[in-house]
Amino acid sequence: NKRLDEWVTHDRLDLKKIQFPKKEAKTPTKNGLPGSRPSSPERDVPAAAPSSGKTLPIPVQITLRFNLPKEREAVPGSPDQPLSSSSCVQPNHRSTKRKVEVVSPATPIPAPTETTQASVFPQNGSARRAVATQPGRKRKSNCLGTDEDSQDSLDGLPSAPRMTGSLVSDRSHDDIITRMKNIECIELGRHRLKPWYFSPYPQELTTLPILYLCEFCLKYVKSLKCLQRHLTKCDLRHPPGNEIYRKGTISFFEIDGRKNKSYSQNLCLLAKCFLDHKTLYYDTDPFLFYVMTEYDSKGFHIVGYFSKEKESTEDYNVACILTLPPYQRRGYGKLLIEFSYELSKVEGKTGTPEKPLSDLGLLSYRSYWSQTILEILMNLKSETGERPQITINEISEITSIKKEDVISTLQYLNLINYYKGQYILTLSEDIVDGHERAMLKRILRIDSKCLHFTPKDWSKRGKW
């Protein structure tokens with residue numbers, strides 16, 4: 001957790017042999033597809049410098065010559081227009097028994113200005129030419145397969161601060177203190193947890209070998225004796241909120257960040273120990289917290305949680321999501337994700353998690369999206385005996401997954417192909433077998449019949 005400049009002092013550095021890199025113009029990467037490489041960077045050549053006899057490469061010619069065949073194979077789209085989020089969400093999709101045929105729209109709709117997880121996919125050929133002819137407006141994108149998982153704007157420009165209660169960390173106030181893990185160990189009920197990241201617990205508690213937490217109200221104390229004294233006075237045996245779901249030993253509690261501010265702040269402090277990409281807001285009023293618990297004879301023990309904004313202008317149905325380390329790799333992460341989308345179904349909305357996602361969060365969401373979409377495609381049946389049909393809009397409405405996430409998942413699975421002037425979805429035997437094996441392991445599922453939830457219209461409430 002230390003940087004190089006913290007280990008090596010300035011007087012030990014020999015700065016005489018440093019060769020500073022030449023200034024390079026940002027060049028557009030090709031597609032971010034596997035096997036593609038960015039074209040040669042354009043260098044800023046001074047006007048008075050003698051000519052070396054070489055001319056700058058033309059990115060348009062290189063892109064069209066070497067990358068167009070790969071685009072036809074790996075990325076669906078017409079010869080001049082690969083698949084994009086604007087052309088995929090048209091309602092005139094048609095599917096087959098193992099294929100979904102999608103008719104390419106005659107007039108492509110402009111892509112939304114806000115960058116989403118699907119809109120960072122390769123743009124069409126005309127857009128690439130426009131970028132190449134205007135070097136001053138080139139966009140930066142990830143190479144290889146990472147831009148499929150890009151979760152935030154990649155323009156590299158500082159965005160204006162959001163006025164909502166977002167928990168995304170902008171790193172503007174990052175310093176050496178917040179990069180260092182400050183808590184050695186946390187005792188929570190019968191578990192001892194080793195934190196991964198910094199969390200702003202009070203300074204006097206960071207020097208203790210063990211930080212003790214009440215597992216029901218999450219209050220932090222400095223010693224075991226203080227914890228025992230607290231437990232004699234703490235009446236809670238479950239999170240302070242409404243129980244909106246119970247099946248077996250699994251329960252979900254809805255907690256208002258305004259009504260239960262102390263518990264919500266303690267929950268955020270605990271979660272920050274295992275989330276590095278989110279900042280902590282002591283103002284928890286704009287958030288709802290959904291805590292998943294496991295029941296036994298002693299009470300309801302916290303397993304994980306996710307939070308969401310009461311009013312989200314960007315259709316976010318999750319702000320932070322965390323499964324505590326003792327319960328990880330047991331299916332609880334997907335259960336939290338499935339529950340968040342179940343709430344979105346009741347609200348009649350499509351939702352998406354707030355970006356950026358952590359590494360573990362991205363893996364969990366990608367796996368959930370893949371399994372949910374494949375489950376729908378494999379269960380398609382046609383009443384007339386012909387090939388069954390479904391559209392991207394229908395998949396989004398059934399699952400409450402946002403269209404951009406549906407498209408990015410289909411592209412990640414490499415299911416979409418361009419065939420005879422139409423987009424089709426092709427399910428190979430390997431994908432089908434892999435999906436069936438994964439579903440056999442997925443035992444924990446949300447039962448919508450056990451959910452007792454009434455959504456509220458927070459926009460009509462003055463102070464929530």
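Student: Is Ser400 buried or exposed?
Tutor: In this predicted model, Ser400 is buried, because its relative accessible area is 4%.

Student: Where does Ser400 sit?
Tutor: Ser400 is in the loop between α9 (392-399) and α10.

Student: What is phi there, for Ser400?
Tutor: The phi of Ser400 is near 65°, a positive value in a residue other than glycine. Most residues other than glycine have a negative phi.

Student: On to α10, then. How many of its ten residues are buried?
Tutor: Eight of the ten residues of helix α10 (residues 403-412) are buried, so the helix is largely enclosed by the rest of the structure.

Student: Which ones are buried in α10?
Tutor: The buried residues of α10 run from Glu404 and Asp405 through Val406, Ile407, Ser408, Thr409 and Leu410 to Gln411.

Student: What about Asp315, what phi does that have?
Tutor: Asp315 is not a glycine, yet its phi is positive, about 60°. Its place is the loop between β12 (299-309) and β13 (316-318).

Student: Different topic. Which peptide bond is cis?
Tutor: The bond that joins Lys355 and Pro356 is cis, with omega about 0°. Most peptide bonds are trans.

Student: Where is Pro356?
Tutor: Pro356 is in the loop between β15 (352-353) and α8 (359-378).

Student: Now Ser199. Where is that one, and is it buried or exposed?
Tutor: Ser199 is in the loop between β6 (191-193) and β7. Ser199 is buried, because its relative accessible area is 0%.

Student: What is Ser199 in contact with, leaving aside neighbours within four places in sequence?
Tutor: With those left aside, Ser199 is in contact with Asn182, Leu269, Lys272 and Cys273.

Student: Last one, the surface. Which residues form the positive patch?
Tutor: Lys219, Lys225, Arg229 and Lys233 form a positive surface patch.

Student: Where does Lys219 come in the chain?
Tutor: Lys219 is in the loop between β7 (211-213) and β8 (220-221).

Student: Why does Lys219 count as partly exposed?
Tutor: Lys219 counts as partly exposed because its relative accessibility is 42%, and partly exposed covers the range between the buried limit, under 20%, and the exposed limit, over 50%.

Definitions and conventions
Residues are numbered from 1 along each chain as its sequence is written. This is a predicted model: local features need pLDDT of at least 70, side-chain atom pairs count only at pLDDT 80 or more; totals for chains, interfaces and linings use all residues. Side-chain values use heavy atoms; hydrogens and water are left out. Patches are made of residues with over 30% relative accessible area and no salt bridge: like charges are joined within 9 Å, nonpolar side chains (Val, Leu, Ile, Met, Phe, Trp, Tyr) within 5 Å. Accessible areas come from the Shrake-Rupley method with a 1.4 Å probe; for residues, only the protein chains shown count as cover. A salt bridge is a side-chain nitrogen of Lys or Arg within 4 Å of a carboxyl oxygen of Asp or Glu. Lys and Arg count as positive and Asp and Glu as negative; His and the chain ends are not counted. The place of a charge is taken as NZ of Lys, CZ of Arg, CG of Asp or CD of Glu. Helices (H or I, at least four residues) and strands (E, at least two) are DSSP runs, numbered from the N terminus. Buried means under 20% relative accessible area, exposed over 50%, partly exposed in between (1.4 Å probe, protein chains only). Contact means heavy atoms within 4.5 Å.
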